[in-house]
Amino acid sequence: MSSTKPVAVALIGAGRIGASHAEIVARRLKNATLAAIADPAPGAAARLADTLECPLTYTDVDELLANPDIEAVIIATPARFHTNLAVAAARAGKAVFCEKPMALTLADAELAMAAAREAGVPLQVGFNRRWDQAFAEGKAAIESGKVGTPQLLRSLTRDPGPFGGDPARIPLWTVFFETLIHDFDTLLWLNAGARATEVYAVADALVRPDFKDKGFLDTAVVTIRFDNGAVAVAEANFCATYGYDIRGEVFGSGGMISMGDVRRSSMTLFDKDGVSNDTWRLDTDHFIDGYTAELHAFVASVRSGRNSGPDGADAKAALEIALACIASVTERRPVALAEIREQVAAIRQ
């Protein structure tokens with residue numbers, strides 16, 4: 001399909017990240033227009049639509065999906081709704097951009113993938129680190145052989161502090177499903193062609209120890225072994241008091257690359273208090289160019305009919321590691337990925 005007409009994109013979920021995506025579509029993309037916003041909370045869609053001059057709002061997602069003028073949707077709801085919405089959107093013939101995680105079980109991941117495949121629509125997942133300039137340049141360096149064979153990899157996510165969330169309202173295992181899921185995808189992407197074979201994870205409540213007995217874990221370290229011999233470490237914490245810290249590293253037989261920087265720029269202040277840098281505080285600031293690039297690619301895929309970003313299979317691969325982490329923490333042992341993959345095989349039978 002080819003057309004110069006902007007793609008009509010609708011947002012489902014008018015929360016923080018949804019609002020950021022909607023603003024990018026409305027104000028930064030030339031190949032798309034923000035056609036509608038849906039959110040079940042009274043007034044949420046209308047308030048966001050007013051700021052972005054979006055013409056249509058809904059509280060009923062089914063009504064939005066029934067609109068024949070909408071070509072694509074961005075799903076930015078709480079994670080537990082992602083799969084059902086992705087399936088419904090695909091079956092309605094809409095191209096789907098789904099925030100991570102696409103699913104919370106492997107069976108649901110396969111359901112979303114099958115729905116998009118059967119409908120013949122693109123399904124892209126919001127792994128934004130792939131679109132960050134530093135990470136993209138690192139990936140290119142690996143592909144060109146500049147670091148040789150990857151041997152040790154590292155990826156970390158440290159959310160900015162002070163931690164202000166209510167642990168009682170944060171779903172269990174968020175540290176794996178919604179935070180480290182980015183790192184798992186990054187490690188798989190940087191170690192292209194390799195499959196994870198074994199995971200060992202430890203997690204604790206170091207930011208809010210008073211909620212540990214309720215199951216809320218805010219700190220985790222994961223070791224991953226791959227079938228090409230490489231070993232990776234991923235870590236996360238919900239309270240980096242110095243800023244929003246996202247970094248990656250690949251050490252190989254011929255060299256090493258590092259990606260990501262908590263500093264907003266290379267400007268460094270030297271004064272009576274010492275040496276300092278301003279740091280990133282929000283993901284929507286740090287990744288604004290990355291978010292724009294991924295949504296531009298998604299819209300382009302609507303016109304071409306071909307995925308140009310991380311898809312359902314990528315989401316499933318990262319989810320396998322997340323599920324293995326949960327099993328590892330729960331059972332206090334290394335977990336072979338074969339155990340996790342056998343779950344889907346059993347469901348199919």
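**Legends to close-up views of a predicted model**

**View A. The lining of the largest pocket comprises 19 nonpolar, eleven polar and eleven charged residues.** Nonpolar here denotes Ala, Val, Leu, Ile, Met, Phe, Trp, Tyr, Cys and Pro, charged denotes Asp, Glu, Lys and Arg, and polar the others, Gly among them. The model is predicted: local features need pLDDT of at least 70 and side-chain atom pairs count only at pLDDT 80 or more, whereas totals for chains, interfaces and linings use all residues. Numbering starts from 1 along each chain as its sequence is written, and side-chain values use heavy atoms, with hydrogens and water left out. The space in the largest pocket amounts to about 1500 Å³. Among the 41 residues that line the largest pocket, Arg16, Ile17, Lys100, Thr174 and Glu178 are the closest to its centre. On a 1 Å grid over the protein atoms alone, a pocket is an open set of points with protein on both sides within 12 Å along at least five of seven lines, a cavity is a set where a 1.4 Å probe fits but cannot get out, and lining residues have an atom within 4 Å of a point. Points are joined across faces, edges and corners, and a volume is the space filled by probe spheres set on them.

**View B. Helix H7 (174-190) is the element that gives the most to the lining of the largest pocket, with five residues.** Helix H1 (16-27) and strand E7 (150-160) also each supply at least two residues of that lining. Elements are DSSP runs numbered from the N terminus: helices are H or I with at least four residues, and strands are E with at least two. The protein chain has eleven helices and 15 strands, and its C-alpha trace spans about 65 × 50 × 50 Å along the principal axes.

**View C. An open sheet of six strands, in the order E3-E2-E1-E4-E5-E6, has parallel pairing.** Two strands pair if DSSP finds at least two bridges between them. Strand E3 (56-58) and strand E6 (123-125) form the edges, each pairing on one side only. Neighbouring strands of this sheet are turned against each other by 25° on average, direction ignored. Helix H1 packs on the sheet, where it touches E1, E2, strand E4 (72-75) and strand E5 (95-98), and its direction makes about 150° with that of E2. Contact means heavy atoms within 4.5 Å; axes are lines fitted to C-alpha atoms, for helices over the stretch in contact, and angles run from 0 to 180 degrees between N-to-C directions. Within the sheet, E1 (residues 7-12) runs parallel to E2 (residues 32-38) and is joined to it by six bridges. Valine 9 has leucine 34 in E2 opposite it.

**View D. The open sheet of seven strands has mixed pairing, in the order E12-E11-E7-E10-E9-E8-E15.** Its edge strands are E12 (255-259) and E15 (335-336), each of which pairs on one side only. Helix H6 (residues 133-143) packs on this sheet and touches E7, strand E11 (245-252) and E12; the direction of H6 makes about 165° with that of E12. Helix H7 lies across E7, strand E8 (196-204), strand E9 (219-226), E10, E11 and E12, at about 145° to E10.

**View E. Strand E10 (residues 231-240) pairs with E7 in the parallel sense over eight bridges, but runs antiparallel to E9, with seven bridges.** Arginine 154 has valine 233 in E10 as its bridge partner, and isoleucine 224 stands opposite alanine 232 in E10. E9 and E10 make a hairpin with four residues between them, and glycine 229 in the turn has a positive phi of about 95°. E8 is likewise antiparallel to E9, through eight bridges, and aspartate 204 stands opposite threonine 219 in E9.

**View F. The largest cavity holds about 40 Å³ of space.** One cavity of 30 Å³ or more is present in the structure. Its lining divides into nine nonpolar, no polar and two charged residues; among the lining residues are Lys100, Pro101, Phe127, Ile181 and Lys316. Helix H10 (residues 312-331) gives the most to this lining, with three residues.

**View G. Two cis peptide bonds are shown, at proline 101 and at proline 162.** The bond from lysine 100 to proline 101 has omega near -15°, and proline 101 lies in the loop between E5 and helix H5 (106-119). The bond that joins glycine 161 and proline 162 has omega of about 0°. Proline 162 is placed in the loop between E7 and H7, and tryptophan 173 lies in the loop between E7 and H7. Although not a glycine, tryptophan 173 has a positive phi of about 70°. Most residues other than glycine have a negative phi, and most peptide bonds are trans.
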